[in-house]
Amino acid sequence: MPQCYQSIVIAAPIEQAWETIKNFHDFSWASDVIEHCDAVGKIRGNEIGAKRILNGVFHETLLECNTAARRIRYSIDDGPSPVSSREIKNYVGTLQLRPVTLNNGTFVEWRSSWEAQTEDAKEFCHQIYAALLRTLAQKLEIA
């Protein structure tokens with residue numbers, strides 16, 4: 001099963017980081033990477049089952065929004081190659097925040113796994129998640 005993992009330490013309190021990322025329908029913090037985040041249906045962005053379309057091509061569903069654990073899990077249901085529904089199955093991404101208590105910072109992990117015949121999606125996902133984590137750090141460390 002292919003997997004992807006990225007992490008970063010952000011010089012901002014975990015509460016601030018969680019407030020920024022907890023709404024599945026809000027990618028305003030990453031406008032350099034995600035140009036459009038369109039909510040699909042009437043389910044709110046913090047409710048399981050919420051759906052979104054990123055940049056017109058990534059169809060995703062919220063599987064978990066756990067405030068106590070500060071964790072978001074979601075699926076990619078379809079997207080461009082190499083993450084299209086023809087190429088991958090059971091894609092699950094997890095965005096996990098943990099406090100860095102020595103300096104009131106936040107450790108952010110972004111991991112994903114899926115079923116596929118190849119590992120073509122691995123580098124594709126790595127580049128996107130690394131860009132999103134850098135953007136999140138820049139946004140929070142300026143605020």
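# A pocket, a cavity and a run of strands

Helix H2 gives the most to the lining of the largest pocket, with 5 residues. What you're looking at is a predicted model, where local features need pLDDT of at least 70 and side-chain atom pairs count only at pLDDT 80 or more, while totals for chains, interfaces and linings use all residues. Residues are numbered from 1 along each chain as its sequence is written, and side-chain values use heavy atoms, with hydrogens and water left out. Helices (H or I, at least four residues) and strands (E, at least two) are DSSP runs, numbered from the N terminus.

**The largest pocket**

- A pocket here is an open set of points on a 1 Å grid over the protein atoms alone, with protein on both sides within 12 Å along at least five of seven lines, and lining residues have an atom within 4 Å of a point.
- The largest pocket holds about 170 Å³ of space; a volume is the space filled by probe spheres set on the points, with grid points joined across faces, edges and corners.
- Its lining takes in 17 residues, and Ile34, Leu54, Phe58, Glu60 and Ile128 lie nearest the centre.
- Two or more lining residues come from each of strand S3 (51–54), S4, S5 and helix H2 (120–142).
- The lining splits into 14 nonpolar, 1 polar and 2 charged residues.

**The largest cavity**

- A cavity is a set of grid points where a 1.4 Å probe fits but cannot get out.
- How many cavities of 30 Å³ or more does a search of the whole structure find? It finds 1, and about 100 Å³ of space lies in the largest cavity.
- The residues lining the largest cavity are Ile21, Asn23, Phe24, Asp26, Phe27, Trp29, Arg52, Ile72, Tyr74, Leu95 and Trp110.
- By type, this cavity lining has 8 nonpolar, 1 polar and 2 charged residues.

**Arg52 and its rings**

- Arg52, one of the residues lining the cavity, has its charged end over the ring of Phe24, 3.6 Å from the ring's centre.
- Arg52 also lies over the face of Tyr74, at 5.7 Å from the ring centre.
- To count as sitting over a ring, NZ of Lys or CZ of Arg must be within 6 Å of the ring centre and within 35 degrees of the ring normal.

**How the strands pair up**

- Two strands pair if DSSP finds at least two bridges between them.
- S3 and S4 run antiparallel and are joined by 4 bridges, with Lys51 standing opposite Thr61 in S4.
- The hairpin of S3 and S4 has 3 residues between the strands, and Asn55 in the turn has a positive phi of about 50°.
- S4 (residues 58–66) and S5 (residues 71–78) are also antiparallel, with 7 bridges joining them.
- Thr61 has Ser75 as its bridge partner in S5, and Asn66 stands opposite Arg71 in S5.
- The hairpin of S4 and S5 has 4 residues between the strands, and Arg70 takes a positive phi near 50° there.
- Next along, 6 bridges join S5 to S6, again antiparallel, and Arg73 has Thr94 as its bridge partner in S6.
- In a regular strand the side chains alternate between the two faces of the sheet.

**Aromatic pairs**

- The whole structure has 5 aromatic pairs. Rings of Phe, Tyr and Trp (its six-membered ring) pair if their centres lie within 6.5 Å; planes under 30 degrees apart count as stacked, over 60 as edge-to-face and the rest as tilted.
- One of them is the stacked pair of Tyr91 and Trp114, at 5.3 Å centre to centre with 15° between the planes.
- Tyr91 lies in strand S6 (residues 88–100) and Trp114 in strand S7 (residues 105–116), so this pair ties together parts that are 23 residues apart in sequence.
- Are these two buried or exposed? Tyr91 is buried at 1% relative accessible area, and Trp114 is buried at 0%. Buried means under 20% relative accessible area, exposed over 50%, and partly exposed in between (1.4 Å probe, protein chains only).

**Distances along the chain and in space**

- Ile14 is in helix H1 (residues 14–21) and is buried, with a relative accessible area of 6%.
- Ile14 and Leu97 are 83 residues apart along the chain, yet their C-alpha atoms are separated by 7.0 Å.
- Glu123, in helix H2, is partly exposed at 46% relative accessibility.
- Glu123 and Cys37 are 86 residues apart in sequence and 22 Å apart in space, C-alpha to C-alpha.

Terms used:
Ala, Val, Leu, Ile, Met, Phe, Trp, Tyr, Cys and Pro count as nonpolar, Asp, Glu, Lys and Arg as charged, and the others, Gly among them, as polar.
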